[in-house]
Amino acid sequence: MSSSCRRPEHSAPPDVFYNEDEAKKYSQNSRMIEIQTQMSERAVELLNLPEGQPCFLLDVGCGSGLSGDYLSEEGHYWVGVDISTAMLDVALDREVEGDLLLGDMGQGMPFRPGTFDGCISISALQWLCNADKKTHSPPKRLHTFFSSLYSSLSRGARAVFQLYPENSEQLELITSQAMRAGFTGGMVVDYPNSSKAKKFFLCLFAGVSGVLPKGLGAEAVDKSVSNQVQFSGQRCRYKNMKGKSVKKGRDWIMEKKERRRRQGRLVSHLLTCSYSKDKSLLVCCVF
């Protein structure tokens, strides 16, 4: 989860935060372009669209059209919706191939039923969890958005949202409102053991239930763990029979070292020593 002090949605409403200066960054910063393209590629992969068949897609929070560029490269047609006029102006200057619409997703999607074959959204959904005005209710705005989106998608279509959740409560709020609107599906987490590469994708099915895709890097996770993220509002404290914390015990250290190895980091060896039963021999092992 990202630190709240670094989150742009705590600085200003999206239409204010994404001014001309911020909008230019998205068309001039090569790092931002690379990240946006990678996440768009993953979102389209999770959409599971028919191969070799152009589709009509919706891009929610399209910004300056970077994710739309990838959709065009893949041969798809798209419509982008964004609340920032500055971002849409940059998209127009860049002459993106999709159609652009100025709109607040919290007020719903103004499209006919069954219009789109799928929907993607990159780094936008978490903004709906903030109340930027006295009249804003995050649960109501989320439900309005998901309900209108559900209607605008064709039966069997998917919607994939890459998002940066602030905490588990925020994830629970988003997923509950999506399910209330009629969607099925859940959260796909890529590289769950990496603090930097970890990415959240809300994968939703409209009209029919589907099999939730497997997150990238999931082979490093216990096969018994479900892809569906589960949340709890309780803080759990793990203690052994003597009441002492398990943290920093041998098992905790070994688990941490193994996790770092899976992340490709160099890990120092652990030396443990113990006496034999008759205490005549000292046995040392390296892990």
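The model is predicted, so local features need pLDDT of at least 70 and side-chain atom pairs count only at pLDDT 80 or more, while totals for chains, interfaces and linings use all residues. Residues are numbered from 1 along each chain as its sequence is written, and side-chain values use heavy atoms, with hydrogens and water left out.

I begin with the salt bridges, each defined as a side-chain nitrogen of Lys or Arg within 4 Å of a carboxyl oxygen of Asp or Glu. The count comes to five. Helices (H or I, at least four residues) and strands (E, at least two) are DSSP runs, numbered from the N terminus.

Arg42 and Asp190 meet at 2.8 Å, N to O. This pair links distant parts of the chain, with Arg42 in helix α3 and Asp190 in strand β6 (residues 184–190), 148 residues apart. Both Arg42 and Asp190 are buried; buried means under 20% relative accessible area, exposed over 50%, and partly exposed in between, with a 1.4 Å probe and protein chains only. Arg42 and Asp190 also belong to a salt-bridge network with Glu45.

Asp69 pairs with Arg94, their closest N and O atoms being 2.2 Å apart. Asp69 lies in helix α4 (residues 66–73) and Arg94 in the loop between α5 and β3 (99–102), so the bridge ties together parts 25 residues apart in sequence. Asp69 is partly exposed at 21%, as is Arg94 at 30%.

Finally, helix α2 (residues 20–28) packs against helix α5 (residues 85–93) at about 40 degrees, with axes 8 Å apart.

Conventions. Axes fitted to C-alpha atoms, helices over the stretch in contact; angles between N-to-C directions.
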